Amino acid sequence: MAGYGQDSDSLAKGKGSGPWAKGLTVQFFHAVDPADHTAALVSPAAYRSGRPLLLQSHGWLDGTLAEQFDVTKLDPNDSKSWPLVVPQQELHFLNRACKRPSGALDARRVLHIRKPCTVVPELSLTMVRWNGEVSKREEEPNDGDWGRYGAPTSDEYMTALVEKGVLAHPTLAGKDTRNFELFHLFVASSRDVSNINSFAPHFAKLLKGKRKTCFWMLWPGEWMDFDDPDYACYIARQALFGAMRSCEAVGLRSGFPHTADLYELITSKTWMATLSLDPVVRLPAGTLVTKESVVLDAKAAAENALNTLEHIRQMNPFRIGSDEPAAPSEVNKGAIRKGVVKVGFSWENRFVLTFSSLEQLQRQLTQMLNQDGCYTSQCLVQEWVDFDFEMRLYFLPPQGKDWAPGALLEPARIECNGWGEFPDPEHQVLGQSNGSFSKLPETTCIKKWDGDAEAWEAAKKQAVEMSQRLLAWLRTASSQAVPMVRLDFMAKRIGPGKARLYFGEYCEMGACCLGWQEG
């Protein structure tokens, strides 16, 4: 692919004008992969210690031709035929360790060059990403892993996003186009992220694009910063959402995963309690329990939680037929005594504990809210749900006026998975998943339901119908429709041709897609 930019005075338009002379001032498109920690990135200005580390991996830079170049002899597949360009010596090249790479200002072969111009790029994209130590622990591939490209916080994911997203976009990187600039704002602590607040106005002025957006490739957490690499990429939620809001306030759109307000709402899990009175979404009864109440009287806090769940279930009962099992669980049909305790801003089932009695709930609340280094102020208590497997629906909602009011949105993909039995509450471990995970193809789900394909179709229909309310509710929280969301449901067969579904979770854009490349 030969490309010189579609801008005026590009080589692509000057093929008949003869060779370009040695020493000619040009602009070249710099492109490196920041996953390579030794790669030469560009600092917009001389870096000063204590400021956020903003470096550019892709964009047009000034330089001069180190030798005469004849465009007619260019072979895009042979780098030896590419123009030889010397970068402008005033450029500030740094790697992720804030060190100047050797040879960064030397002549290099580049594919994309153009004569100097001031054309504004269509897009300025900044990835706010982790630059600290990460876990080197290798794990065998499994059904619950993140797939080939890893999690959004990983270098592999961001490299794939650029290669398969940005560089495949016809407006940004067509055959003769390089119409974007890509920056990376590197952070290694919650303090680094907090420093973005004061940096945001200056940051916005550095970006030249017609559209400016930030991709926040970090996870919010309610933990102190640890040196433990297993906690890499987790940022104190106040710092993360504060930085996001500061950037949004100066016109830098949060393009990934969501705006600060919506990202915080989804990942907080507070909606699991506040939405549990809505009969359409069929959430298990849930309530929020404060740390204060547990510290003062853990037994009373547990009693109040169970009593609140009973109130919610009385106000919003699951309607069942005479020949159908109890809902949402058989064990709680007389009174709620079994359920789960979980906290927001956590993933992969790592901070979920079960209980089967008042005494166990008291212990689990105390354990959950008194973890070393955890400053969460509340946790969620939910009643237990009997289900056979989990059904995940992936939606890509239309944007703006393309989403007609009342239009039925179909999922782009449906996947199912099974969860193994939780160990006894006394043997559950915080910080690790307490239940095994396995992907289930449609054929396995139907087989699990004694070959009842009619029940399978009923489950899918219910999930899609319930999703309409859930997607609409997200629009009450943000008038801008989400570009992608995953909705998780718990499915149970309750008789021939009959299924019952409960809503489990909203999952933000960037949540695990189980290796789905198109997702």
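I began with Pro121 and found that, once neighbours within four places in sequence are left aside, Pro121 is in contact (heavy atoms within 4.5 Å) with Asn179, Phe180, Glu181, Lys208, Gly209 and Lys210. I note here that this is a predicted model, in which local features need pLDDT of at least 70 and side-chain atom pairs count only at pLDDT 80 or more, while totals for chains, interfaces and linings use all residues. Residues are numbered from 1 along each chain as its sequence is written, and side-chain values use heavy atoms, with hydrogens and water left out.

I then placed Pro121 in the loop between strand 7 and strand 8 (123–130), where strands (E, at least two residues) and helices (H or I, at least four) are DSSP runs numbered from the N terminus. Pro121 counts as buried because its relative accessible area is 11%, buried being under 20%, exposed over 50% and partly exposed in between, with a 1.4 Å probe and protein chains only. I also looked up its separation from Ala204, which is 83 residues away along the chain, and the two C-alpha atoms are 15 Å apart.

My next entry is Leu111, which sits in the loop between strand 6 (108–109) and strand 7 (113–114). Leu111 has 11% relative accessibility and is therefore buried. From Leu111 to His169 I read 18 Å, C-alpha to C-alpha, for a sequence separation of 58 residues.

Which residues form a negative surface patch? I found Glu133, Asp225, Asp227 and Asp228; patch residues have over 30% relative accessible area and no salt bridge, with like charges joined within 9 Å and nonpolar side chains (Val, Leu, Ile, Met, Phe, Trp, Tyr) within 5 Å. A salt bridge here is a side-chain nitrogen of Lys or Arg within 4 Å of a carboxyl oxygen of Asp or Glu. Asp228 belongs to the loop between strand 11 (219–221) and strand 12 (234–236), and I list Asp228 as partly exposed because its relative accessibility is 36%.

Last, I took down values for the whole protein, which has 12 helices and 22 strands and a C-alpha trace spanning about 85 × 50 × 40 Å along its principal axes. Of its 519 residues, 53% count as buried, and among contacts with a separation of 6 or more, 72% join residues 24 or more positions apart. The accessible surface comes to about 24000 Å², with 50% of this belonging to carbon and sulfur atoms.

Methods. Areas by Shrake-Rupley, 256 points an atom, 1.4 Å probe, with all protein chains shown as cover. Lys, Arg positive; Asp, Glu negative; His and termini not counted. Charge placed at Lys NZ, Arg CZ, Asp CG, Glu CD.
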